[in-house]
Amino acid sequence: MTGDRVDVAFSLAAVSISYGPQLVLDAVSMKIPKGGITSFIGPNGSGKTSLLRCLNRMNDLVANIRVRGRIEYQGEDLNAPDADVEAIRRRIGMVFQRPNVFPRSVYDNIAYGPRLRGRTTDLDTLVEHCLRQAGLWAEVRSQLSRPAHELSGGQQQRLVIARALAVQSEVLLMDEPCAALDPAASLAIEQLMVELAQERTVVLVTHDLAQARRVSGHVAFLQAEQVGQEQRHGHLVEFGDADQVFNDPIDERTRAYLTSR
């Protein structure tokens with residue numbers, strides 16, 4: 001393998017997204033590093049979530065969407081005609097703004113994916129390991145048969161992360177994972193993200209600039225700008241090391257956004 005593929009998780013070349021005739025994101029090119037946390041920041045309507053969902057083919061579930069350009073994960077074309085979408089989503093997991101726990105027990109939320117893949121042994125060990133990784137074991141070890149929806153919002157979000165770890169996701173895509181949580185639960189998720197990013201790639205969409213500063217290794221700033229009389233679509237303004245983007249942005253539009261101008 002080339003050095004590029006060792007160091008780069010995702011390579012995007014001229015990626016554009018349209019919903020029907022409406023272009024929402026135009027010609028985004030970047031290389032997202034392998035490992036650590038890369039954050040997508042920018043105002044509403046700049047295409048952050050749409051771009052994130054391209055990274056594991058989640059946009060396939062949206063009607064009338066069209067994705068152009070090339071997206072590679074470790075050198076593999078994610079949109080190739082013979083791409084195994086199920087395998088892509090196992091390797092590249094997703095955590096949504098609101099935790100989408102299954103209507104099952106805490107235990108079965110973790111065990112569901114491995115069972116689906118044919119695993120029948122050592123499930124107890126796997127469930128404990130994933131819950132420990134997600135920082136949840138101490139809180140639920142005596143409640144594994146409890147319905148997952150009865151957990152608090154922060155606990156449910158960590159359970160969803162543990163569920164992704166159970167199918168050995170190499171990447172976690174996180175779309176505003178703290179938006180619906182109180183400050184204490186948000187801090188727990190932030191700390192968990194940082195810990196998990198030591199062994200896998202995390203790509204985060206967040207409107208919380210303070211959070212992005214705290215956790216990010218790299219940052220992409222996207223912005224929607226007026227095109228013609230009525231149309232607006234997003235594009236990538238700046239991408240780079242988080243310290244550089246936050247402390248010495250190259251583009252004046254990035255500086256204006258970060259200083260709320």
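Which exposed residues does the face of H5 turned away from its buried side carry? In this predicted model, that outward face of H5 carries Asp124 and Thr125, both of them exposed. The buried residues of the helix, which spans 123–133, are Leu123, Leu126, Val127, Cys130 and Leu131. These five lie on the same side of H5, because they cover an arc of only 125° around the axis. The buried residues of H5 pack against H4, H6 and H7, and after the helix comes Gly135, whose phi is positive, near 65°.

One of the buried residues of H5, Leu131, leads directly into the interior. Not counting residues up to four places away in sequence, Leu131 touches Val106, Ile110, Leu136, Trp137, Val140, Leu144, Leu159 and Ala162. Leu131 also belongs to the largest nonpolar core, which has 39 residues and in which Ile110, Leu131, Leu159, Ile161 and Met174 touch the most other members. At least two residues of this core come from each of the helices H4 (106–116), H5 (123–133), H6 (137–140), H7 (153–166) and H8 (183–196), and likewise from each of the strands E7 (171–175) and E8 (201–205). Helix H7 gives the most to this core, with 7 residues.

Helix H4 can be read alongside H5. Its buried residues are Val106, Tyr107, Asn109, Ile110, Ala111, Gly113 and Pro114, and they pack against H5, H6 and H7. Just after H4, Gly118 takes a positive phi of about 100°.

Strand E1, residues 8–19, and strand E2, residues 22–33, pair in the antiparallel sense over 8 bridges, and Val8 stands opposite Pro33 in E2. Between the two strands of this hairpin there are 2 residues, and Gly20 takes a positive phi near 60°. Strand E2 is also the place of Gln22, which counts as partly exposed because its relative accessible area is 30%. Gln22 and Arg66 are 44 residues apart in sequence, while their C-alpha atoms are 9.9 Å apart in space.

Which residues have a positive phi although they are not glycines? The background is that most residues other than glycine have a negative phi. Among the exceptions is Ala27, with a positive phi of about 50°; this residue is found in strand E2 and counts as partly exposed, at 44% relative accessibility. Another is Glu176, again with a positive phi of about 50°, which is found in the loop between E7 and H8. Glu176 is buried, because its relative accessible area is 10%, and the cut-off for that term is under 20%.

Leaving aside neighbours within four places in sequence, Val85 is in contact with Arg57 and Asp60. Val85 and Arg57 are 28 residues apart along the chain, and their C-alpha atoms are separated by 6.9 Å.

These details can now be placed within the whole protein, which contains 11 helices and 10 strands. Of the contacts with a separation of 6 or more, 67% are accounted for by residues 24 or more positions apart. The protein has a radius of gyration of 19 Å, which agrees with a compact globule, because for 261 residues such a globule would have a value near 18 Å. Taken along the principal axes, the C-alpha atoms fill a box of roughly 55 × 45 × 40 Å. Of the 261 residues, 52% count as buried. The accessible surface comes to about 12500 Å², and 47% of it belongs to carbon and sulfur atoms.

Definitions and conventions
Residues numbered from 1 in each chain as written. Predicted model: local features only at pLDDT ≥ 70, side-chain atom pairs only at ≥ 80, totals over all residues. Heavy atoms only, no water. Core = buried A, V, L, I, M, F, W, Y, C linked by side-chain atoms within 4.5 Å. Buried < 20%, exposed > 50% of the residue type's maximum accessible area, 1.4 Å probe, protein only. Helix = DSSP H or I, 4+ residues; strand = E, 2+ residues; numbered from the N terminus. Contact = heavy atoms within 4.5 Å. Arc of directions from axis to C-beta. Rg over C-alpha atoms; globule rule 2.2 N^0.38 Å. Areas by Shrake-Rupley, 256 points an atom, 1.4 Å probe, with all protein chains shown as cover. Pairing = 2+ DSSP bridges.
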